[in-house]
Amino acid sequence: MTNPRTNPERELMGILGSLDNTSEEMSWWNAEFKKLGMDAALSRYPTEPETLPERLSEMFHFDRRGYIVGKGLQKAIIPLLDHIDSSVELALNGSEGEGTVDTVYNQRGVMTGYFCNGNRQKRWTIWLKEG
């Protein structure tokens with residue numbers, strides 16, 4: 001079960017698929033939100049490549065702010081996004097990775113993919129920036 005939105009201002013994030021450290025990642029993010037007094041939650045959404053369109057639709061309709069994308073989905077999600085950040089382009093050219101998206105940000109219904117290489121601080125900055 002996912003964390004409910006207790007008010008319209010609640011920030012919702014999620015993990016699509018599985019990570020090597022799914023439980024640790026969820027614990028870290030949810031502890032940070034609590035420590036900062038934020039009404040926010042990170043939940044896990046079981047996902048397969050064929051259910052990615054549904055998860056992105058949910059992101060839009062339920063106003064989820066961001067997703068961490070599990071390794072098995074990081075290439076399959078690219079054609080489903082509205083935009084990809086230059087970090088993904090760098091990864092496509094082989095300087096940082098293999099052309100993958102490990103982070104998605106929903107800004108007013110526009111889904112943008114990023115390659116953060118698992119960097120929590122980079123994700124925090126992307127997801128919680130103003131605007």
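A charge is taken to sit over a ring if NZ of Lys or CZ of Arg is within 6 Å of the ring centre and within 35 degrees of the ring normal. In this predicted model, local features need pLDDT of at least 70, side-chain atom pairs count only at pLDDT 80 or more, and totals for chains, interfaces and linings use all residues. Residues are numbered from 1 along each chain as its sequence is written, and side-chain values use heavy atoms, without hydrogens and water.

The charged end of Arg64 sits over the ring of Tyr45, 3.9 Å from its centre. Tyr45 also forms an edge-to-face aromatic pair with Tyr67, at 6.0 Å centre to centre and 65 degrees between the planes. Rings of Phe, Tyr and Trp (its six-membered ring) pair if their centres lie within 6.5 Å; planes under 30 degrees apart count as stacked, over 60 as edge-to-face and the rest as tilted. Both Tyr45 and Tyr67 are buried (under 20% relative accessible area; exposed is over 50%, partly exposed in between; 1.4 Å probe, protein chains only).

Tyr67 belongs to strand 3 (strands are DSSP runs of E, at least two residues, and helices runs of H or I, at least four, numbered from the N terminus). Strand 3 (residues 66-69) is covered on both faces. Strand 1 (residues 11-16) pairs with strand 3 in the parallel sense over four bridges; pairing requires at least two DSSP bridges. Strand 5 (residues 103-107) runs antiparallel to strand 3, joined by three bridges.

Six aromatic pairs are counted. The rings of Trp29 and Trp124 are stacked, with centres 5.6 Å apart and planes at 20 degrees.
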